[in-house]
Amino acid sequence: MIVVWLLVLVAAFAADRAWGGGYEDEFSLPGTSAQRGADLLEEHGSDLKGVGAQIVLRADDGLAAHRTALDAATARLGRLPGVLTVSGPLSTPGAVSADGGTGYATVRFAANPATFDRSYLAGVDRAVAGLRAERVSVDYGGPLGQLARPAAADGRSEAIGLVTAVVVLLFGFGSVAAAGLPLVTAVAGLAGGVAVTARVITCAAIVMTSVFLAFLLSTNVVIKMMALGLGVSVVIDATLVRLLLVPATMYLFGRANWWLPRPLDRILPRLDPEGPDLTRRPESMAVRGPETVS
């Protein structure tokens, strides 16, 4: 069954590549005020087109003292590929703080700069190198700041968390064997739970994920986003929650998993999904002895 669903999924993707048509990214809303405003901006060539990003500038002696370097940086930024317009802080009303020391330049790109290759930042750095040479602080904001953001050290943070957990367990239990006991029981619970329920959960997850991922063939970007999110959530639920957390919890806590406060137990209805509750048989189901015939 799993192989069949995988073959169906591969065939659907192959058919999309062969006959699926072009990719569309259209968010027009005909007849709405928002669409009329966007059409006016497009028609008259407004400076608000594209995706805007801010370059924040700070100079202790005031930005006005660096006007020449600001103009040169603005001109170099405007010549970068993908840049539509550049508005300097001294030429934009409200772009400079009251003390004149802090301001921002707005760069509008034809596409979202957060999706650019990181090598694009080298050109931006060269464009503002003159400002930095005059000890003007330059920081990137908005989508350009997202591109400049350093990659997260996920492996390092996970290693720190693991080491911290081991140290806490060692101090709490006082021995290496006792500290490893919770980890061993969790692994044992995982193995037992996977052995019993893995097939059913895996098959159900593959079916649901295949259905959701099939909507990736749609040309609507919103549908694609929803399908990808639902597919990933099912995979996470099937692997991390149902095959890892639930079996481990059931093994560690045993019957305590089913504990329910007495007041709540009296209020909630009693449901038996597997059929009539044989422990509470009605009198009509009672076994009768043989009848005498006169």
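**Entry 1: what covers helix α3**

I started with what covers the buried residues of α3, and the cover includes β1 (51-58), β2 (83-87), β3 (102-109), α4 and α5 (129-133). I took contact to mean heavy atoms within 4.5 Å. Helices (H or I, at least four residues) and strands (E, at least two) are DSSP runs, numbered from the N terminus. This is a predicted model, where local features need pLDDT of at least 70, side-chain atom pairs count only at pLDDT 80 or more, and totals for chains, interfaces and linings use all residues. Residues are numbered from 1 along each chain as its sequence is written, and side-chain values use heavy atoms, with hydrogens and water left out.

Which residues of α3 are buried? I found Ala69, Leu70, Ala73 and Leu77. They cover an arc of only 100° around the axis, so they sit on the same side of α3. The arc is that of the directions from the helix axis to the C-beta atoms. A reminder to myself: an α-helix has 3.6 residues a turn, so residues three or four places apart point the same way. Buried means under 20% relative accessible area, exposed over 50%, and partly exposed in between (1.4 Å probe, protein chains only).

I also checked the length of α3 (residues 67-78): its 12 residues should span 16 Å at 1.5 Å a residue, and the end C-alpha atoms are 16 Å apart, which agrees. The expected span is 1.5 Å times one less than the number of residues.

**Entry 2: Val124**

Next I looked up Val124, which is placed in helix α4 (residues 120-127). Is Val124 buried or exposed? Val124 is buried, at a relative accessible area of 1%. Setting aside neighbours within four places in sequence, I see Val124 in contact with Leu77, Leu80, Tyr140 and Leu144.

**Entry 3: the cores**

A nonpolar core is a set of buried Ala, Val, Leu, Ile, Met, Phe, Trp, Tyr and Cys residues joined through side-chain atoms within 4.5 Å. The largest one has 25 residues, and Ile55, Leu57, Leu77, Leu131, Tyr140 and Leu144 touch the most other members. At least two residues of this core come from each of β1, α3, β2, β3, α4, β4 (137-140) and α6 (142-148). Apart from it I found another core, of 5 residues, among them Ile201, Val234, Ala238 and Leu243.

I followed Ile55 too: beyond four places in sequence, its contacts include Leu77, Tyr104, Val138 and Tyr140.

**Entry 4: salt bridges**

How many salt bridges does a search of the whole structure find? It finds 3, a salt bridge being a side-chain nitrogen of Lys or Arg within 4 Å of a carboxyl oxygen of Asp or Glu.

Asp60 pairs with Arg58 (4.0 Å, N to O). Asp60 is exposed at 76% relative accessibility, while Arg58 is partly exposed at 33%. Asp99 also bridges to Arg58, with the closest N and O atoms 3.7 Å apart. Asp99 lies in the loop between β2 and β3 and Arg58 in strand β1, so this pair ties together parts 41 residues apart in sequence.

Asp125 and Arg132 form a salt bridge as well (3.4 Å, N to O). Shared partners join Arg58, Asp60 and Asp99 into one network.

**Entry 5: the whole chain**
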